[in-house]
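Here is a short briefing to read alongside your protein.

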Amino acid sequence: MTDGPSGPTPSDSHAGESERRWREERTTFQRVYDVVTGTTDYATASEVAEEADCSDDGARDALAQLVEMGIAERRDGRPATYRRNDSYFRWKRVEDLATSNSVADLRAKIDELAAEDERLRERFDAPGPDAVSPATFETSDHDEIHDRWDALARWRTVRRDLELFQRAAHRAERRGGDADDAVSA
């Protein structure tokens, strides 16, 4: 916590209070889960333990469970390292979409995303965001460059979401879901 001219600043006090409550109200497993699900780079059990405010052994036990559940990945080495398993979270997102939406709603979203993808394809005259030529950004207008970067970022999001919604629709259809199944589930 940093002190201002007359003591701790309110935002520092609030952050400290939130962190204290997080440590006190969450179990070791829950804190390790919170840390590892936010970890995209590999980290040792000791590093996770430090962030989760627990013992190294407590972190190792929780990490072993998370690896077994498929939530985390383990990379063997001396020492072993861990990170979130992105494929688990993609699968979870697909499952959530498939169970909380009707097939018709999923198909409508797919159509909407496909139309947006087509508009972006036409705008950039490219088959995908990674095929956009750097020459597209050769302009002195800062706002125009910013707008193009935003559009490319949106295009990548559209492509990612399109894949997720297609997988969710396929999953919902395989379950035999119709327009009323997901809503009543």
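In this predicted model, Ala-45, Ser-46, Val-48 and Ala-49 of helix α3 touch Asp-56, Ala-59, Arg-60 and Leu-63 of helix α4. Contact here means heavy atoms within 4.5 Å, and helices (H or I, at least four residues) and strands (E, at least two) are DSSP runs numbered from the N terminus. Residues are numbered from 1 along each chain as its sequence is written. Local features need pLDDT of at least 70 and side-chain atom pairs count only at pLDDT 80 or more, while totals for chains, interfaces and linings use all residues, and side-chain values use heavy atoms, with hydrogens and water left out.

**Helix α3 against α4**
- The axes of α3 and α4 (residues 56–69) come within 8 Å and cross at roughly 105°; axes are lines fitted to C-alpha atoms, for helices over the stretch in contact, and angles run from 0 to 180 degrees between N-to-C directions.
- That angle makes α3 roughly perpendicular to α4, on a scale where under 35 degrees is roughly parallel, over 145 roughly antiparallel, 65 to 115 roughly perpendicular and the rest oblique.
- By class, the α3 and α4 contact has 5 nonpolar, 1 polar and 2 charged residues; Ala, Val, Leu, Ile, Met, Phe, Trp, Tyr, Cys and Pro count as nonpolar, Asp, Glu, Lys and Arg as charged, and the others, Gly among them, as polar.

**Helix α2 against α3**
- Helix α2 (residues 28–37) packs on α3 (residues 45–52) at an angle of about 115°, with the axes 9 Å apart.
- That makes α2 roughly perpendicular to α3.
- Arg-31, Val-32 and Val-35 of α2 meet Val-48, Glu-51 and Ala-52 of α3.
- The residues of this α2 and α3 contact are 4 nonpolar, no polar and 2 charged.

**Helix α5 against α7**
- Helix α5 (residues 86–100) and helix α7 (residues 142–174) pack at about 55°, their axes 8 Å apart.
- The two helices, α5 and α7, are therefore oblique to each other.
- The crossing of α5 and α7 is right-handed.
- On the α5 side the contact includes Arg-90, Arg-93 and Val-94, and on the α7 side it includes Leu-164, Phe-165 and Arg-167.
- This α5 and α7 contact has 7 nonpolar, no polar and 5 charged residues.

**The sheet**
- An open sheet of 3 strands has the order β3-β5-β4, with antiparallel pairing; two strands pair if DSSP finds at least two bridges between them.
- Its edge strands are β3 (43–44) and β4 (72–75), each pairing on one side only.
- Antiparallel strands β4 and β5 (residues 81–84) are joined by 4 bridges, and a hairpin connects β4 to β5 through 5 residues.
- Glu-73 has Arg-83 in β5 as its bridge partner.

**Confidence**
- The chain has a mean pLDDT of 87, and 88% of its residues reach 70 or more; pLDDT is the predictor's confidence in each residue, from 0 to 100.
- Residues 1–9 stay under 50, as do residues 179–185.
- Where pLDDT is low, the predicted coordinates should not be read in detail.

Methods:
A crossing is left-handed if the near helix is turned anticlockwise from the far one by less than a right angle, and right-handed if clockwise.
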